[in-house]
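Please walk through this fold from its strands to its helices, its cores and its charged pairs.

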Amino acid sequence: MIRTDSTAQSRRAARAVRSVRCPRRTGSRLPVLRAFCVLATTGLLLVSCGHPGGLRSAGATPTAIAPAELWPDAPSAPASTRDYNDVRPEPVEGVSVPGGSLHAVNPVDIVKSQLKQQSTAYDDPLTTYGSMMAKAIEACTTAGVGACPVRKAYYRDLTGDGSDDLVVGISMPEHQLAVRVYTLRQGRLDMIMSTFGIIVSVQLAGRDVVIHRRDGLPGFEQHSVWSWDAQRRAMLITRDDSVRTARPAPHPDGDTKRSASSSGTPSSGGVCDPYDSCSPDTP
């Protein structure tokens with residue numbers, strides 16, 4: 001490593017300045033020589049006035065150690081039979097889009113329509129909890145009102161086509177939340193993202209959807225980023241991290257059991273979980 005002593009450097013520069021002898025005789029070339037001499041002397045003085053301290057050693061650099069592979073002869077794990085990002089846009093049937101704007105569509109109508117059609121989404125929660133969802137949504141008129149499991153809708157251009165897309169949250173049994181994104185393509189309503197679980201929060205970051213969920217490992221959260229893929233024409237996971245958190249884990253009999261289904265961000269205040277014994281006025 002490089003080490004520079006500022007005091008020693010200044011002393012050496014001063015000695016060099018004293019050793020410079022400028023010519024005293026007159027002549028045609030002497031003015032030029034004198035000017036060069038002055039510039040050289042000035043440069044040495046500037047060198048001697050560097051920032052105090054200069055470069056200092058940070059100590060020895062630790063030696064990099066390559067990871068040691070254990071059991072290299074063990075048979076390799078079989079490849080996964082399912083790609084989580086192997087998704088396609090799913091058309092929503094029976095829902096009109098007045099004026100070509102998703103702001104004019106009632107999200108409750110979209111969820112009711114999807115309850116009636118066979119979903120191609122993997123492990124679709126509306127199929128898993130079909131009868132319970134149908135009963136809970138039957139009383140809904142507008143999203144985000146009373147005990148309706150369909151939460152307040154959010155709008156953001158996530159596909160980059162200049163038009164707002166629709167983000168819908170649906171409260172599910174067992175304190176889960178389903179998050180779905182819809183877009184309008186050539187007059188057809190498509191679902192381009194679908195996921196669910198014990199979700200702590202949902203965020204819109206630019207054109208990405210960021211979801212924080214509890215994946216069952218106490219003290220950790222799964223943070224996934226969903227981004228638009230123009231080739232697949234769907235929102236795909238582009239990043240998925242397990243993050244240590246200080247948030248308390250939900251307990252079946254504790255006060256935190258409803259936090260996952262009611263603390264989403266964005267969220268709508270005052271939403272009552274229709275699968276718990278609560279009223280719309282319950283805080």
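Predicted model: local features only at pLDDT ≥ 70, side-chain atom pairs only at ≥ 80, totals over all residues.

Two strands are taken to pair if DSSP finds at least two bridges between them. Strand β6 (residues 199-205) and strand β7 (residues 208-213) are joined by six bridges in the antiparallel sense, and the two form a hairpin with two residues between them, where Gly206 in the turn has a positive phi of about 65°. Because five of the seven residues of β6 are buried, this strand is largely enclosed by the rest of the structure.

A further set of strands makes up an open sheet, in which five strands follow the order β1-β5-β4-β3-β2 with antiparallel pairing. The edges are taken by β1 (90-91) and β2 (154-156), each of which has a single partner strand, so one side of each is left without a neighbour in the sheet. Between β2 and β3, which run antiparallel, there are three bridges, and Arg156 stands opposite Asp165 in β3. In general, strands of a sheet pair through backbone hydrogen bonds, either parallel or antiparallel.

Helix α3 lies across β1, β3, β4 and β5, and runs at about 65° to β3. Helix α5 (residues 130-138) has Met133, Ala136 and Ile137 as its buried residues; seen down the helix axis these fall within an arc of 90°, so they line one face of α5. An α-helix has 3.6 residues a turn, so residues three or four places apart point the same way. The buried residues of α5 pack against α3 (107-116), α4 (125-128) and β3 (165-172), whereas the face of α5 turned away from its buried side carries the exposed residues Ser131, Lys135 and Glu138.

Which residues touch the most other members of the largest nonpolar core? In this core of 25 residues they are Ile110, Val150 and Tyr182. At least two residues of the core are supplied by each of α3, α5, β3, β4 (176-185) and β5 (188-197), and β3 gives the largest share, with four residues. Tyr182, when its neighbours within four places in sequence are left aside, is in contact with Val92, Leu102, Ile110, Gln114, Asp165, Leu166, Val168, Leu189, Asp190 and Met191. There is also a second, separate core of 16 residues, and among its members are Met193, Ile199, Val202 and Val209.

The charged pairs complete the picture. With a salt bridge taken as a side-chain nitrogen of Lys or Arg within 4 Å of a carboxyl oxygen of Asp or Glu, the count comes to two. In one of them the side chains of Arg188 and Asp190 meet, at 2.8 Å from N to O; Arg188 counts as partly exposed because its relative accessibility is 37%, while Asp190, at 2%, counts as buried. In the other, Asp241 is bridged to Arg239, with the closest N and O atoms 2.6 Å apart. Here Asp241 is partly exposed, its relative accessible area being 28%, and Arg239 is exposed, with a relative accessible area of 54%.

How values were computed: Residues numbered from 1 in each chain as written. Heavy atoms only, no water. Buried < 20%, exposed > 50% of the residue type's maximum accessible area, 1.4 Å probe, protein only. Arc of directions from axis to C-beta. Contact = heavy atoms within 4.5 Å. Core = buried A, V, L, I, M, F, W, Y, C linked by side-chain atoms within 4.5 Å. Axes fitted to C-alpha atoms, helices over the stretch in contact; angles between N-to-C directions.
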